[in-house]
Amino acid sequence: MANNNDSPEPATSSSTFSLTIPRIDIRRTSSDTQLDKVQIKSASVYNIHGLSGSQHSLSVPPIHKDVVGYRGSNEFILTDDKQSTMDQIKAIGPWARRKCKNMCRRKILYKRVPVLNWLPKYNMDDAVGDLVAGITVGLTVIPQALAYSSIAGLPAAYGLYGSFIGCFVYILLGSCKDVPMGPTAIASLLTFQACDGVWQRAVLLCFLTGLIELLMGLFGLGFLIDFVSGPVSSGFTSAVSLIILSSQVKDLLGIAAKGNTFIEQWSSIIDDIHNTQVGDALMGFICIVVLLLMRLLPRIKVGPPDACDQSVAQKIINKSLWLIGTARNAIIVVVCGGIGAAFYENGKEPFRMIGDVPSGLPSVQAPPFSVPEVRDANGTIVQEYESFGDLLQGLGSMLIVIPLIALLENIAICKAFADGKPVDATQELIAIGVSNIANSFVQGYPGTGALSRGAVNNASGVRTPFGGLYTGLLVILALLFFTPYFFYIPRAALAAIIIAAVIFMIEVRVVKPMWRSKKTDLIPGIATFIACLALPLEYGILVGIGLNILFILYHAARPKIHMDQAVTPCGVKYLMLTPDRCLIFPSVDYVRNLINKHGLKSQIPVVIDCTHIYGADFTAAQVIDTLIKDFKSRNQLLLFLNLKPSVGNVFEGADLEYRVFYDFEQLDKAIQECRRKSIPA
């Protein structure tokens, strides 16, 4: 039991005490951010009750207000409001009722349905900005959706199916105006690795992914993305970009190649590279060059740099250059589709084309929970029957990886255009979760917000999430009226669109600042990059997260201990040791060895300043008990200073006998008295 040096000897022996502690009036006396000085205005008395019923008083004089450098905390306020286990169990019912009542409040409704906040203030300026942005993003979404479906290993129509319902849902639930819901390159690649081109698996994956995202949002699990550090995210994104680029080389060259990992893909490409189609390769490389050049058009400015000083003609030219550069993907698709149609005659294809795309909107139906058996004309099984259990087993860890990566992509857009405003990860999880659930009912595969489309949305002057309405309507119009013309779009052109986009996702630019900032951060980043190239993506990102956790544990297991030699007013020397963080099981043996080492070397009283120790566990309490016995065995004084009540509770629960002080004057008196008597604490 912790006790102060002024406590009288108890009349009866007892191992259990209860503290009745009156209120301590604490007043903050300084606004200094480094030293939090406190002043106790009146002395407090700790009444210690023994089991035999005897009572003893422990007087604690007030902390001296002139003690320089005293570091305290409002966590030193001691309370006597401990509850028994039964009281805590009984409190669950009222707590649950309060939570349910809070969920029905107007504030929560407005927080979880953000459209209620901005819709009443919607005006004509907002409508014009959203209309322009929605159409511009729609011109980007349609060719990307056709291209991303090939990454997912699905027919081109499935990319469009997942590009309109999510836009409508996000209007109601989305908290960021710049997020355009739909398929992304990373989500498409993860879908391919999980589903292997079977559309039933992809649609079911969309439903389950949305359900998991929704549950994560309802339970407030948005903090999970905090376990994916910047270096790990950069390594993962760079590796995925290279894998996506590699997956498109086959369409760029007009060859057949397979493989899930980077190594498998390039091995297959090299084996079949002798079958390269000259027409496809020529069109593909020309499209890449043209796309990269068109990407530069928005940067070209005619006339004065300030728009206010430009003439009407100069403004029109600048806006036209910006529109051409922004809609470059759609322009390439239209031009290459026209070339494909012009050279197509009597079934002879000059290029490999994407083929028939079903006309009209998809039928609204529940996602498939099994895969039927499919046989060819000869009765050979082409696709085996898979039950729901088989599908779940096949999807495996992707059911966790895809929601996390989707949230990571979405939050990246929110933070990029938040202008310093806080980002609600929980609300974003709810929004993309409901969007994916809705997508699964129209045969879409998992999607989220894409950073490239988000940049277009922001640059187009979007004002609210209502811009998604026009994007979704444009996709619907494409499905209703333009699908017959999609037949003529060359696969090489779509591959060029993807390659020209993902090469800018390779985050080489972060390596130099990371090296200058903290070189060890490169280790998890490079490890994630290599692991994602060599292994399936879910294992690759787990390698990076695992390495990050190891770094964190190592950091926690090796706290810094600041050492000062101090002297009491009477000239007694003692050693002040200040650990810089919590005491938890990985670090306590290291701390014990360091303290013992300094204690043996100095052979003077040792004081452990616990100001920075905000938490401890049972293992720490056991090791501290051993440390106390180590000092007692060699008759060396060991005292504790500024021990938090929460840490003291852990120590007391483990029946530690230790002495703790919150006042330098009392600490000095205890050291002088024990030195004078030459007895251990």
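**Entry 1: The chain as a whole**

I began with burial and noted that 48% of the 681 residues of the protein chain count as buried. I kept in mind that this is a predicted model. I then looked up the secondary structure and found 27 helices and 14 strands in the protein chain. For the accessible surface I recorded about 33800 Å², with 62% of it belonging to carbon and sulfur atoms. I also looked up how far along the sequence the contacts reach. Among contacts between residues at least 6 apart in sequence, 76% join residues at least 24 apart.

**Entry 2: Nonpolar cores**

I asked which residues have the most contacts inside the largest nonpolar core. They are L160, F236, I244, F486, L494 and L537, in a core of 106 residues. Helix 16 (residues 398-416) supplies the largest share of this core, namely 12 residues.

Leaving aside neighbours within four places in sequence, I found I244 in contact with I151, A185, I186, L189, I498 and V502. Apart from this core lies another one, of 29 residues, and I noted A620, L627, L638 and F640 among them.

**Entry 3: A nonpolar patch on the surface**

I turned next to the outside of the model. L361, L477, L480, F481, F482 and Y485 make a nonpolar surface patch of about 610 Å². I looked up one of these residues, Y485, and placed it in helix 19 (residues 467-486). Y485 has a relative accessible area of 56%. The cut-off for an exposed residue is over 50%, so Y485 counts as exposed.

I asked which residues of helix 11 (residues 262-272) are buried. They are Q265, I269 and D272. These residues cover an arc of only 80 degrees around the axis, and therefore they lie on the same side of helix 11. I recalled the general rule that an α-helix has 3.6 residues a turn, so residues three or four places apart point the same way.

On the other side of helix 11, I found I263, I270 and D271 exposed. I also looked up what covers the buried residues of helix 11, and the cover includes helix 10 (230-253).

**Entry 4: R201 and its partner E386**

I located R201 in helix 9 (residues 199-218). Not counting residues up to four places away in sequence, R201 touches C195, D196, V371, E386 and L391. I noted too that the C-alpha atoms of R201 and F388 are separated by 9.8 Å, although these residues are 187 residues apart along the chain.

With E386, R201 forms a salt bridge, and the closest N and O atoms are 2.6 Å apart. E386 lies in the loop between strand 8 (381-383) and helix 15 (388-395), whereas R201 lies in helix 9, so the pair ties together parts that are 185 residues apart in sequence. Are these two residues buried or exposed? I found both E386 and R201 buried.

**Entry 5: Further salt bridges**

I recorded a count of seven salt bridges. In one of them, the side chains of D178 and K177 meet at 3.1 Å, N to O. D178 is buried, with a relative accessible area of 1%, while K177 is partly exposed, with 28%.

I then looked up K632 and E657, which form a salt bridge with the closest N and O atoms 4.0 Å apart. This pair links distant parts of the chain, 25 residues apart: K632 is in helix 25 (residues 618-633), and E657 is in the loop between helix 26 (645-653) and strand 14 (660-661). K632 counts as partly exposed at 35% relative accessibility. E657 is exposed, with a relative accessible area of 55%.

**Entry 6: Positive phi angles**

I recalled that most residues other than glycine have a negative phi.

D196 has a phi near 55 degrees and is not a glycine. I found D196 in the loop between helix 8 (185-195) and helix 9. At 53% relative accessibility, D196 counts as exposed.

N642 has a positive phi of about 60 degrees and is likewise not a glycine. I placed N642 in the loop between strand 13 (638-641) and helix 26. N642 is buried, with a relative accessible area of 2%.

Terms used. Residues numbered from 1 in each chain as written. Predicted model: local features only at pLDDT ≥ 70, side-chain atom pairs only at ≥ 80, totals over all residues. Heavy atoms only, no water. Core = buried A, V, L, I, M, F, W, Y, C linked by side-chain atoms within 4.5 Å. Buried < 20%, exposed > 50% of the residue type's maximum accessible area, 1.4 Å probe, protein only. Helix = DSSP H or I, 4+ residues; strand = E, 2+ residues; numbered from the N terminus. Contact = heavy atoms within 4.5 Å. Patch = residues over 30% accessible without salt bridge, like charges linked within 9 Å, V, L, I, M, F, W, Y side chains within 5 Å. Areas by Shrake-Rupley, 256 points an atom, 1.4 Å probe, with all protein chains shown as cover. Arc of directions from axis to C-beta.
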